Structures are given as structure tokens and as C-alpha cells.
Amino acid sequence: MPRRRPGSLFPLEVDILDSGLTLQASDGSFYGFALAKQLAERDGTALTAHGTLYKALSRMTDSGLLESTWEDAAPAAVDGRPRRRLYTVTAEGSLALSRARVAELATATSIAAAPSSTSVSAVTTVSPTLSTPPRATLV
Amino acid sequence: MSVLKSMPYHHAVRRVSGWCAWYTSGIDAQVAGRRRDEIASDLYEHGVWADDAGESPRATAREILGRAIRGVPADLGWRHAQRRQLALADPFGFRMRQANGVVATLVILLAAVVTGFGLYVLTRVASSVVAGEIRAGSATALTLIALTALALGGIALLASPRTRFGGALVMIAPGIGLVHLGLYQLYSLSATVGTLMFGMPGWSLASRGLIAGITVCFVAAAIWWWPEKRVHASRTPALPQPIGDSA
């Protein structure tokens with residue numbers, strides 16, 4: 001994985017914040033597998049690898065983009081399953097996502113505005129992603 | 001058939017849990033426990049989801065193993081970062097643990113070689129008894145059996161950090177006896193050993209040096225792992241705070 005520039009988000013982190021907010025809106029919080037499922041359904045890809053997902057989640061929790069708590073033992077015991085680690089996107093996480101989207105949009109716009117033939121082909125590549133929440137690596 | 005109750009799913013879960021247990025070993029216990037619990041939850045939820053989606057147990061097992069394999073570089077990176085943070089927080093303790101690991105590996109290896117030699121000699125004795133070359137139940141052969149059994153017990157004790165001290169002490173006797181009696185027994189069974197005994201200058205010195213070296217190794221290991229006296233909790237210096245589990 002490339003080294004992170006200060007104040008920037010990795011593409012996976014943008015995806016996690018975006019999908020996390022969606023899950024959070026309906027369930028109040030989200031857990032690892034629910035997030036992996038949401039990411040796979042949204043992008044039509046395979047489920048995110050364990051190592052990649054949980055490494056990113058713990059990194060984001062430590063940097064304050066997410067908060068985590070362990071589910072109470074009682075509901076898990078009633079369902080007969082292991083306890084879930086529940087995550088919520090913090091205000092800082094929401095802000096970081098907004099900044100990432102703005103930066104992505106600005107990058108896409110600057111590419112579209114460039115007159116060269118190279119830029120025209122770049123716009124063709126970039127424009128379909130504008131219909132979905134834009135992703136950025138720089139906040 | 002339910003995925004959660006299927007063998008392929010359980011095999012996959014066992015393999016992933018085993019991998020997780022390995023890469024979370026030797027790091028902060030709290031951080032390791034959190035990661036293991038989170039993976040256990042993920043594996044269970046994956047099984048439930050596969051059941052609901054009507055996936056076959058084999059396909060689910062493949063998917064779980066695929067997720068684990070694709071995550072190996074991230075897992076290793078996370079482990080490396082955790083160990084580095086641990087080393088920064090407690091450099092002396094980290095180096096001591098590293099040295100302890102190296103000592104344990106070398107001593108267990110030596111114990112395995114000594115035990116293997118004992119088993120080899122016993123095999124030669126058994127084959128010679130079967131061939132009618134020597135009589136069964138000689139005092140040397142019985143002592144070799146006892147010492148080999150003791151060596152196997154020593155290896156079992158060496159395997160656990162709590163009993164390593166005892167294991168090193170137990171291995172002293174087989175270290176001396178198996179080499180000495182094993183060579184003595186092979187003298188009558190092996191043409192090579194017989195030739196070496198008579199033909200190699202300094203054979204006696206070499207074999208005695210080997211026995212002395214093995215003994216010193218096991219005695220030194222026992223001293224290295226000598227149980228520390230229990231320190232009262234109030235006198236124990238404060239340990240560094242657990243570090244975060246990020247990488």
C-alpha cells in the first residue's frame with residue numbers, strides 16, 4: 001500500500017466512510033462483515049480481505065475517523081454468535097469524507113477543463129465515476 | 001445443508017483462525033485479543049450470510065480462504081507495525097523476548113537431535129535383535145529405551161515456556177547417556193562407528209567433548225530459564241500503556 005500523505009485518505013478509507021455512513025443511517029452503527037458486504041454489493045466486487053479491512057478499520061479508529069465499541073454480551077449470547085465490534089463514523093470522519101469528495105471533484109473538473117487531447121481521453125475515463133460519490137486520495 | 005454446520009466451512013474457519021493466532025502472537029495481548037475476536041465474528045457472520053444467500057458450503061469455504069489469503073500482506077504489515085511499536089515501547093524487553101525465542105529454538109533443536117539419535121540406535125538394536133545378531137533385553141538397550149523416553153518427556157517440557165526450565169534439566173541425563181551408550185552400542189552394530197573408534201585419532205576426546213558440549217548447553221539453558229522469584233505486585237514497576245492496534 002502506498003504511503004499516506006498528511007491529511008489524505010486512501011481510496012479504501014473513502015469507501016469505508018461512505019458505506020459506513022450508509023449503514024449507520026439505517027442501523028445506528030456497523031460491524032466489519034456488514035461493511036465488507038456493503039462494499040462488495042456497492043462496487044460489485046469480491047468481499048474485502050480480512051487483513052485489508054481490519055487493518056484499515058483499526059487505523060481509522062486510531063486516527064479518530066471512526067469510533068468503536070464492543071457489543072454487549074447479552075444480545076450476542078441470545079443469538080448464539082460472537083460479539084461484534086461496532087463502529088460509527090465520527091464528525092471528523094464525515095468531514096474528511098466531504099473534503100475527499102470536494103478534492104476528487106476538483107481534480108475531475110480540472111482534467112475536464114484541460115484543452116489537450118490527453119485530457120479529453122482522461123475525461124472519458126473519469127466522468128462515469130461522477131455519477132457515484134466521487135473518491136479522492138487528497139483531503 | 002447449512003453452511004455453518006458443514007465441514008468445509010469449519011475447515012476454512014480453523015485455518016483462518018490458526019493463521020490469525022500466528023500473526024497475533026508476540027504482540028500486545030489486548031490488541032491481539034481484539035483482532036482475534038473481530039475475525040471470529042467476521043467468520044461467523046460470513047457463514048450466516050452464506051446460508052441466507054443459499055451459497056454452497058464449498059463455495060463459502062473458498063471465499064473465506066480467499067479473503068484470508070488476499071489479506072496476508074496486510075496482516076503481515078500490521079504484525080510488523082505492532083512488533084515495532086512494542087519494541088519502541090520496551091526495547092530491552094523486546095530484545096529479551098527475541099533472545100529467548102532464539103535460545104528456545106536452538107535448545108529444542110538440540111534435544112530433538114539427541115532424541116533422534118536415541119531412536120536411531122534403538123531401531124538398529126531392534127533390527128539386530130530381529131536378525132538374531134544380539135540378544136534381546138540387554139542392560140544397555142533397556143537403559144537406552146529409558147533415556148529415549150526421558151528425552152521425549154524433556155522435549156514435551158521444552159515445548160511450553162512455563163516448563164522449559166524443567167525440560168532443560170531433564171535433557172541433561174539423556175544428553176550424556178544417549179550419546180555415550182548409543183555410541184557404545186553402535187560399536188557392536190555399526191561397521192562405520194567401529195572403524196571410526198579404532199581409526200580416527202582423538203575419537204575418545206571428540207566423543208567426550210561432544211557429551212560435555214551437550215551437557216553445558218542444557219545446563220546453560222536451565223540457568224537461562226531459571227524461574228524468577230515472585231515479586232509483590234506493589235513493587236512491580238508500571239508497565240507501558242497498551243498501544244493502539246493500528247498499523
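How many residues does the contact take from chain A and from chain B? It takes 19 residues from chain A and 25 residues from chain B, where two residues are in contact if their C-beta atoms, placed from the backbone, lie within 7 Å.

This is a predicted model, in which local features need pLDDT of at least 70 and side-chain atom pairs count only at pLDDT 80 or more, while totals for chains, interfaces and linings use all residues. Residues are numbered from 1 along each chain as its sequence is written, and chains are lettered from A in the order in which they are written. The predictor gives the complex an ipTM of 0.76 and a pTM of 0.61.

**The two chains**

Helices (H or I, at least four residues) and strands (E, at least two) are DSSP runs, numbered from the N terminus. A residue is buried if 20 or more other C-beta atoms lie within 10 Å of its own, exposed if 12 or fewer, and partly exposed in between.

| Chain | Residues | Helices and strands | Buried |
|---|---|---|---|
| A | 139 residues | six helices, two strands | 32% |

From the N terminus on, chain A runs α-α-α-β-α-β-α-α. In chain A, residues 24 or more positions apart make up 58% of the contacts with a separation of 6 or more; in chain B the corresponding share is 75%.

The mean pLDDT of chain B (the predictor's confidence in each residue, from 0 to 100) is 88, and 92% of its residues reach 70 or more. Over residues 232–243 of chain B, pLDDT stays under 50, and the model has nine contacts beyond four places in sequence for this stretch.

**Cores**

A nonpolar core is a set of buried Ala, Val, Leu, Ile, Met, Phe, Trp, Tyr and Cys residues joined through C-beta atoms within 7 Å. The largest has 27 residues, and A:Leu17, A:Leu35 and A:Leu57 have the most contacts inside it. At least two residues of this core come from each of α1 (11–27), α2 (32–43), α3 (50–62), β2 (85–89) and α5 (91–113) of chain A, and from α4 (72–89) of chain B. Leaving aside neighbours within four places in sequence, A:Leu17 is in contact with A:Leu65, A:Val89, A:Gly93, A:Ala96 and A:Leu97.

**Helix packing in chain A**

Axes are lines fitted to C-alpha atoms, for helices over the stretch in contact, and angles run from 0 to 180 degrees between N-to-C directions. The axes of α1(A) and α3(A) come within 11 Å and cross at roughly 80 degrees. That makes α1(A) roughly perpendicular to α3(A); angles under 35 degrees count as roughly parallel, over 145 as roughly antiparallel, 65 to 115 as roughly perpendicular and the rest as oblique. A:Leu12, A:Glu13 and A:Ile16 of α1(A) make the contact with A:Thr52, A:Ala56 and A:Met60 of α3(A).

**Where the chains meet**

On the side of chain A that touches chain B, α2 and α3 of chain A each supply at least two residues. The largest share, eight residues, comes from α3(A).

The axes of α2(A) and α2(B) (residues 29–53) come within 8 Å and cross at roughly 50 degrees, which makes α2(A) oblique to α2(B). Here A:Gly32, A:Phe33 and A:Lys37 meet B:Glu38, B:Ser41, B:Asp42, B:Glu45, B:His46 and B:Trp49.
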